[in-house]
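Subject: Structure for you to look at

Dear colleague,

Here is the structure I promised to pass on, and my notes on what was found in it follow below. Please read them with the model open beside you.

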Amino acid sequence: MLWIMRISGFFSAAMVMVVLSPSLQSFPPAEAIRSSHLDGYLRFPAGTAATGARDRFSFRQAPPFRNAEECGATDDDATVCDPSLVHIAITLDVEYLRGSIAAVHSVLQHALCPENVFFHFLVSENSLEALVRSAFPQLRFKVYYFDPERVRGLISSSVRQALEQPLNYARNYLADMLEPCVRRVIYLDSDLVVVDDVAKLWRTSLGSRTVGAPEYCHANFTKYFTERFWSDPRLAGTFAGRRPCYFNTGVMVIDLVRWRRFGYTRRIVRWMEVQKGAASAVGGGRIYELGSLPPFLLVFAGHVAPIEHRWNQHGLGGDNVKGSCRDLHPGAVSLLHWSGSGKPWVRLDSKRPCPLDALWAPYDLYGRAP
């Protein structure tokens, strides 16, 4: 069991205590396979922005990890369709690459069976696969190209420019992009670290639900939509008969079989079309402000399988402009999430870290080995 003792943002990072039992310590060298066959989602356009990514970034090689004895034998020739695998999807882009690498490192370090974890990387730029391989030479993964043009015409301006990036919307298309044999996936944002065995999250029961996530029903749900939305009975009636709660889309367990069966990608896209049409209509007005989150809330809020809050201690990013630092929520911690405008690698590099950024730093592989 992992415990992170709750600390105040006003205390020194040296006060942070992380205690790991032997079962969650990193294991000796891991064998892993690589799967990156160029299919329809792996066609890279020429001249993309990340051509020089290898010149801009350098990552130290992570120590290898091997399954614990209780994991049983591992098939070195296993494919993405192996039913014993835990599937995790993460986006890769130049802006957040350092965070993505740290997230992967954290998953491997705390997994009891790291060889059984398969990563699905969603990219809109080339040259990033080699950087992943340099940090994790034996990692099981596949890269999927997401064409930004697929959503560019559907994206409305947001309160933060970072929320307008097309790759933020790739999660909407996971069921289309991943192989049909992949029946379930964990989606993780790039600004987090996992400090528990991810297999525990993987085994979460979704019951009859399609999406599982920690819910926050104390949050003011009305603020995620505009007055224009709530004043229109046809729009507000979307939540009739539901008890909608806010959930953060940076950590989700998704039943891809149900998603495909009920066509949830199209439902999300339809709400993006409504937003875009409302924003451009004469005398109309936009129905939400916050990027890719509101369409998910419109489709799933009130129909989410609740997951323990320990799996998304979110909001740790705070605000770089105001210099605010956030504290941990009460309770046990299995995942730390720096959602918000502040990112730990930016604050650490600027020598202005928040206390909790010290919990992210051990997973950072950025820079050349001494």
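Val123 of strand 4 stands opposite Tyr145 in strand 5, and these two strands, the latter spanning residues 141-145, pair in the parallel sense over five bridges, where pairing requires that DSSP finds at least two bridges between the strands. Between them the chain passes from strand 4 through helix 3 (residues 128-135) to strand 5, in a β-α-β crossover that is right-handed; the word is used when, with the strands pointing away from the viewer, the path from the first strand over the helix to the second runs clockwise. This is a predicted model, in which local features need pLDDT of at least 70 and side-chain atom pairs count only at pLDDT 80 or more, while totals for chains, interfaces and linings use all residues. Residues are numbered from 1 along each chain as its sequence is written, and side-chain values use heavy atoms, with hydrogens and water left out.

On its other pairing, strand 4 is joined to strand 3 (residues 86-92) by seven bridges, and the two run parallel, with His87 standing opposite Phe118 in strand 4. Here too the β-α-β crossover is right-handed, the chain going from strand 3 through helix 2 (residues 97-110) to strand 4. Helices (H or I, at least four residues) and strands (E, at least two) are DSSP runs, numbered from the N terminus.

How many residues of strand 4 are buried? Seven of the seven in this strand, residues 117-123, are buried, meaning under 20% relative accessible area, whereas exposed means over 50% and partly exposed lies in between (1.4 Å probe, protein chains only). In a regular strand the side chains alternate between the two faces of the sheet. In strand 4, Val117, Phe119, Phe121 and Val123 point one way, and Phe118, His120 and Leu122 point the other way.

Helix 11 (residues 293-300) is largely enclosed by the rest of the structure, because eight of its eight residues are buried; among them are Leu293, Pro294, Phe296 and Phe300. Gly302, which follows this helix, has a positive phi near 95°.

The structure holds 15 salt bridges, each being a side-chain nitrogen of Lys or Arg within 4 Å of a carboxyl oxygen of Asp or Glu. Arg152 and Glu149 form one of them, with their closest N and O atoms 2.8 Å apart, and both residues lie in helix 4 (residues 149-152), three residues apart, about one turn of the helix. Of this pair, Arg152 is partly exposed at a relative accessible area of 42%, and Glu149 is exposed at 54%.

Glu273, partly exposed at 27% relative accessibility, forms a salt bridge with Arg266, the closest N and O atoms being 3.1 Å apart, and another with Arg270 at 3.5 Å, N to O. Glu273 and Arg270 are three residues apart in helix 10 (residues 264-280), and so are separated by about one helical turn. Arg270 is partly exposed, with a relative accessible area of 47%.

With best wishes
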